Every structure is written in C-alpha cells, then in structure tokens.
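Dear colleague,

Please find below the structure that I am handing over to you. My notes on it follow directly after it.

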Amino acid sequence: MDRLEITGGVPLEGEILISGAKNAALPILAATLLSESPVLLENVPSLNDVMTTIKLLRSMGAEITLHDGWKLEIDPRTTTEYVAPYELVKTMRASVLVLGPLLGRYGRADVSLPGGCAIGARPVNLHVAGLKSLGAEISIEGGYIHARAEQLRGTRLTLDSVTVTGTENLMMAAVLAKGETVIENAALEPEVLDLATFLVQMGAKIEGAGTGTIHIQGVDNLQGTPYTILPDRIEAGTHLLAGAITGGHVRVKQVRPSNLDAVLRKLEQAGARIECGSNWVDLDMAGERPRAVNLSTAPYPGFPTDLQAQFCALNSIASGTGKIVETVFESRFQHTLELQRMGANIGIRGNTAVSKGVDRLKGAPVMATDLRASASLVLAGLAAAGTTVIERIYHIDRGYECIEEKLAQLGARIRRLPI
Ligand code: UD1
C-alpha cells in the first residue's frame with residue numbers, strides 16, 4: 001500500500017486546476033444506465049471511486065471507453081445484469097446509486113447493502129422507503145436489497161431528513177416513472193443540481209432541483225448526450241485550506257466560487273484575504289498564522305461535512321480556540337486522534353471537537369481512516385515541523401485527483417512512497 005511522505009513548513013504558493021466533482025461524477029455515471037443511447041462525459045475526475053463505478057457498470061454489461069483526458073464514452077445498451085455485488089459496494093458506498101436507475105429503466109435491481117462505514121451508520125432506509133412509495137416491491141435478504149417494479153408510478157415523497165444520494169436515487173428512479181413525482185425536503189447540494197441538469201439534457205422533465213422541492217414528470221425514454229461534470233468544491237476547499245494552513249497564497253482555477261460560499265466565509269474568519277473571479281478563487285494568508293474558527297456542519301448551503309476534518313487540522317495550529325460541531329454524521333472525528341499524535345490539542349465531547357491551537361504540529365507517522373480524514377492529515381503534515389508519513393492513502397486516492405502532484409505544484413515537499 002502506498003504512503004505519502006510530507007516535509008512540512010513551506011508556505012504554499014501558486015495556482016492549480018480543480019478537477020470534476022467526485023460527488024457529481026458518481027451519480028451521473030449511474031444515471032447513464034437510464035439512457036437508450038451512448039453518453040459522452042467530460043471533466044470526469046481520475047479517481048478510484050470513479051474506477052470502481054466503471055467496474056460496476058461494466059460488470060452489468062455496459063460498454064465504457066476511456067478517451068484521453070478522462071473523457072468517458074458509456075454505451076449502456078448492452079446492460080444485461082442488474083446487480084451491484086458486495087465486493088464493489090463494500091469499497092464504495094455510493095454504488096447504491098445504481099438502485100434507482102436500474103429499477104426505473106429495467107424494473108429490477110439487486111444491490112448489496114453498504115453496511116457499516118467508518119464515519120457512522122449511514123443507512124439507506126430513506127432510499128428504500130422512497131422507492132416503495134414509487135411502487136417498487138423491496139425485500140432485504142442475505143445482505144442485499146432486492147427491488148422489483150413492472151412500472152414505477154409518480155408519487156409525493158417527503159424525506160424525513162436531508163439525504164444527498166437518497167434524493168439522487170429517487171430522482172433517477174422517478175424520471176421514467178408514470179406521472180408526476182414530487183420530492184419534498186430534497187437535498188440542495190450543487191451535485192444534485194448537476195445530476196438533474198444532466199438528466200434534463202437526456203430528455204427528463206425536472207423542475208426545482210437545487211431547491212427543497214423537486215418536481216419530476218415521467219417521460220418514456222432518455223437519450224444520450226455529451227455532458228461536462230461540475231468542478232469539485234471539496235477538492236477546491238481542501239487546496240485553499242492547504243494555502244491557509246501554511247500561511248501561503250493559493251489560487252484554485254476552474255471552480256464555481258458561489259458553491260463555496262460557506263467555506264470562503266470561514267476562511268475569511270480565519271484571516272485569509274479571499275478574492276473571486278468568475279471561475280477562480282484566490283486565498284492569501286500573507287504569511288500570517290490562521291485564527292481558530294467555530295463552525296457547525298450542515299446540509300448545503302451550510303458548511304459541508306466533507307471539509308470538517310480539514311478545518312480541524314487548521315484549528316489545531318491556529319491562534320485561539322475553535323469549536324467544530326458535526327451534525328451530519330456521527331463518529332466523524334477519527335482524524336482528531338491522529339492529529340493529536342502530531343501534537344494537536346483537541347478535546348472531543350459527543351459531536352463537538354474543541355481545539356486549542358498549538359504553535360506547531362510535529363511530523364509523525366499517521367494513518368488515514370477515511371477519505372476526508374486523510375485530507376486533514378495531509379494538511380497537518382504540510383504545516384508540521386519535520387516529516388509526516390501517512391499510511392493507507394488509498395482513502396485519499398478515492399476522492400482526490402493527483403493530490404501530491406497538485407500540492408507539489410504549489411511548492412509542497414510531498415512524495416508518494418510506493419510499496
Ligand atoms: C453524500 C456524499 C458525501 C457527503 C454527504 C453529506 C456522495 C457520493 N457522497 O453522502 O460525500 O459527506 O452526502 O453531505 O454524494 N441518512 C439516513 N437514511 C438514509 C440516508 C441517509 O438516516 O436513507 C442519514 C445519514 O446517516 C447521515 C445523513 O442522513 O447522517 C446524511 O447522509 P446523506 O446525505 O445520505 O449522505 P450520502 O448521500 O451518503
């Protein structure tokens with residue numbers, strides 16, 4: 001298993017290009033199953049989670065060609081299997097996103113239950129309940145969701161709590177259902193809107209995506225289209241934090257600044273000067289130490305849970321005391337234990353982490369426990385004195401394209417140690 005070695009203490013400077021969003025690419029790849037002709041996707045990020053999804057679609061019979069620059073051509077017409085096996089779902093929970101499209105297009109889906117997850121229970125009960133309301137018969141046996149439906153029928157769904165992939169699964173199931181579906185308390189995330197934009201381009205009738213109420217009028221079929229995946233706001237935020245934690249000056253390009261509002265406000269509170277253009281964000285710390293911030297995670301447009309761990313790293317070297325409350329997932333604080341091994345002073349009580357900033361972290365061998373936790377360790381390593389070696393970086397490769405190359409481009413002393 002590869003490791004990352006980082007020698008900290010260099011203020012990062014320069015500019016980098018941000019890749020396509022993982023959390024938009026995964027549902028859009030699943031949605032290609034709905035199409036009756038080939039789809040061409042551009043700005044697909046080169047990530048392990050995308051590779052896992054490609055493997056999953058291929059295992060169902062779809063033909064996928066990878067062109068230069070990560071353009072993907074997907075021909076779903078050869079799909080003959082409607083199964084997402086445990087072997088793939090266990091490595092990537094988002095595999096559950098094939099449930100809605102398979103059921104909508106082929107009337108059947110056998111999808112392994114994702115099971116436990118390093119950041120909490122993460123059930124799929126709302127996906128299942130919504131599909132049942134759309135008329136599916138669902139049984140859960142042997143660790144699999146078995147879903148069947150001759151023809152899904154439009155219905156009114158009110159989600160008990162906001163779920164991103166749940167909203168996406170139900171939207172994908174409803175686009176070919178008979179009649180109108182209304183999803184209330186839908187997730188507002190930009191990735192939900194990107195999926196809806198893609199579906200509309202394929203011929204779906206969807207209104208209100210990106211708001212709490214989505215109206216979907218079922219259509220008879222969907223056709224392939226070229227589509228460019230939206231930029232990754234979490235990758236952008238992580239690289240901006242890399243600038244902030246090192247007292248540097250970083251510009252991220254090919255981003256949608258409006259999707260980063262909550263994050264940019266927190267970076268400003270931390271002392272960063274932020275400037276935005278139409279598709280770039282510039283962060284300048286002017287060599288200053290960041291100030292600790294208080295924040296509470298929430299569904300979009302609130303502060304994203306996927307950047308919580310990275311702000312924990314920032315608070316651990318900031319001046320003052322910062323309080324971070326995690327409201328979206330339980331047990332998403334494993335990174336704090338590793339940060340403590342580097343000298344951070346963080347106390348956890350329930351869903352709250354209180355950090356008293358220390359002058360300097362010290363490099364140490366540490367272990368990545370999940371995707372965003374591993375990003376926080378990279379940030380800590382960039383700020384720490386001495387050398388940090390991060391193990392189990394397959395977690396990082398699930399969600400960050402070429403992280404060491406992009407950081408090295410900003411002047412970081414970072415290298416991958418293959419084993
Ligand atoms: C998605 C993102 C993930 C992000 C998360 C929250 C993808 C591929 N992943 O994950 O990066 O951290 O949104 O922004 O887009 N819940 C239920 N029952 C359900 C579904 C969810 O109780 O059926 C709960 C979860 O346990 C969690 C909360 O709802 O506490 C939010 O989860 P959800 O929005 O579903 O997260 P994901 O879609 O899995």
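This is a predicted model: local features need pLDDT of at least 70, side-chain atom pairs count only at pLDDT 80 or more; totals for chains, interfaces and linings use all residues.

Helices (H or I, at least four residues) and strands (E, at least two) are DSSP runs, numbered from the N terminus. Although Ala286 is not a glycine, its phi is positive, at about 50°. Ala286 is partly exposed, because its relative accessible area is 41%; buried means under 20%, exposed over 50%, and partly exposed in between, with a 1.4 Å probe and protein chains only.

Residues are numbered from 1 along each chain as its sequence is written, and side-chain values use heavy atoms, with hydrogens and water left out.

The chain as a whole

The chain contains 14 helices and 24 strands. Its radius of gyration is 21 Å, close to the 22 Å that the globule rule gives for 419 residues, so the chain is as compact as a globular protein of that length. That radius is taken over C-alpha atoms, and the rule is 2.2 Å times the number of residues to the power 0.38. Along the principal axes, the C-alpha atoms fill a box of roughly 65 × 45 × 40 Å.

Of the 419 residues, 57% are buried. Among contacts with a separation of 6 or more, 74% are between residues 24 or more positions apart, where contact means heavy atoms within 4.5 Å.

Gln308 belongs to helix H10, which covers residues 308–317. Gln308 counts as buried because its relative accessibility is 0%. Its side chain reaches the backbone oxygen of Arg332 at 3.1 Å. Leaving aside neighbours within four places in sequence, the residues in contact with Gln308 are Thr297, Phe303, Ile324, Glu326, Arg332, Phe333 and His335.

Ala309 is also found in H10, and its relative accessible area of 4% makes it buried. Not counting residues up to four places away in sequence, Ala309 touches His335, Arg372, Ala373 and Ser376. Between the C-alpha atoms of Ala309 and Ala209, which are 100 residues apart along the chain, the separation is 28 Å.

Helix H9 and what covers it

Which residues of helix H9 (residues 261–269) are buried? They are Ala262, Val263, Leu264, Lys266 and Leu267. Their cover includes helix H8 (233–245), strand S16 (273–276), strand S17 (280–284), strand S18 (295–296) and H10. Just after H9, Gly271 takes a positive phi of about 110°.

Further backbone features

In the loop between S18 and H10 lies Pro301. The peptide bond that joins Tyr300 and Pro301 is cis, with omega of about 10°.

Asn185 is found in the loop between strand S11 (180–184) and helix H7 (190–201). Its phi is near 60°, a positive value in a residue other than glycine. With 33% relative accessibility, Asn185 counts as partly exposed.

Yours sincerely

Definitions and conventions:
A polar contact is a pair of N or O atoms within 3.5 Å; within protein, one must be able to donate a hydrogen and the other to accept it, and residues adjacent in sequence count only if both atoms are side-chain atoms.
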